[in-house]
Amino acid sequence: MAKVDLSRISLRPFKLTDVDDFMLWAGDDEVTKNIRWKTCNSREEAQTFIKDVCIPHPWRRSICLDDHSIGFVSVYPWSGDDRCKADMGYAVASNYWGQGIATKAIKIALSQVFNDFSDLLRLQAFTYVDNKASQRVLEKAGFLREGVLRKYTYIKDMKICLDQKIILGESSISQHKFKLGGSNGEELYDTKVPLKLKVKFYWTIIRLTMLYETEC
Ligand SMILES: CC(C)(COP(=O)(O)OP(=O)(O)OC[C@H]1O[C@@H](n2cnc3c(N)ncnc32)[C@H](O)[C@@H]1OP(=O)(O)O)[C@@H](O)C(=O)NCCC(=O)NCCS
């Protein structure tokens, strides 16, 4: 594919008419595997998601190439005493990776969100520790690496907790037990989880914060 001229990249709110373009990337497991979104499996699902989630979102923009949706960037502001901060998320259609599109989209977003949210001082983004492309994008856009967050969140509909010893960074993880459970709250120890899977969960649960802050 010919290299995209980045002046053709723009951000705008989602529209219901984006659905066919949206399916091309939001229906791709490669794009959704590192974000909280479920992969869209049908046009109807995509339409509902655009209508009920993307359009009402406080600040979610479609990354567009010549006005066709090829990804998204979102900024979710906190409220109350935490109104100084917001979380950023983004993704780009996999056939456009490696061309500077996410970096360009984030830079456009940075030029807008501090005006759109007057209390905003701190923009934070979380990436998996092994998502090097995403970390590089954030660095190129001016974010600073702040730290690694352990035992920080649940991933999609799977409730996963790690044994505290793992959290404390012991060198061998094979001897530790994993707590696995379903979304209905039941918890069980599964000592039969193969080591390979345990390693994956270990890397999955650890996230990295990248920070973009203004002077105040
Ligand atoms: C992460 C993502 C948004 C990057 O989009 P993109 O448009 O390819 O990003 P850019 O082209 O602006 O920059 C990518 C950078 O990462 C680098 N990179 C890519 N893979 C890499 C790897 N495995 N290790 C190190 N660097 C890597 C590229 O070389 C490039 O850096 P460079 O310009 O210095 O060469 C895209 O891969 C994506 O949508 N992934 C799935 C969703 C996701 O992970 N979202 C972020 C959640 S935190």
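In the predicted model, a backbone N or O atom of G98 lies 2.7 Å from an oxygen atom of the ligand, a polar contact being a pair of N or O atoms within 3.5 Å. A backbone N or O atom of V92 is placed 2.8 Å from an oxygen atom of the ligand, and one of Y90 is 2.8 Å from a ligand nitrogen atom. Of the 970 Å² of accessible area that the ligand has on its own, the protein covers 71% (Shrake-Rupley method, 1.4 Å probe). The ligand is surrounded by 22 residues, of which G98, G100, T103, R136 and K140 are the closest (a heavy atom within 4 Å).

Local features of this predicted model require pLDDT of at least 70 and side-chain atom pairs pLDDT 80 or more, whereas totals for chains, interfaces and linings use all residues. Residues are numbered from 1 along each chain, and side-chain values use heavy atoms, without hydrogens and water.

Two helices (DSSP runs of H or I, at least four residues) also meet. The axes of α1 (residues 19–26) and α3 (residues 43–54) come within 9 Å and cross at roughly 100°, with axes fitted to C-alpha atoms over the stretch in contact and angles between N-to-C directions running from 0 to 180 degrees. Helix α1 is therefore roughly perpendicular to α3 (65 to 115 degrees). Contact, defined as heavy atoms within 4.5 Å, involves V19, D20, F22 and M23 of α1 and R43, A46, Q47, F49, I50 and C54 of α3.

How values were computed. Angles under 35 degrees count as roughly parallel, over 145 as roughly antiparallel, 65 to 115 as roughly perpendicular and the rest as oblique. A polar contact is a pair of N or O atoms within 3.5 Å; within protein, one must be able to donate a hydrogen and the other to accept it, and residues adjacent in sequence count only if both atoms are side-chain atoms.
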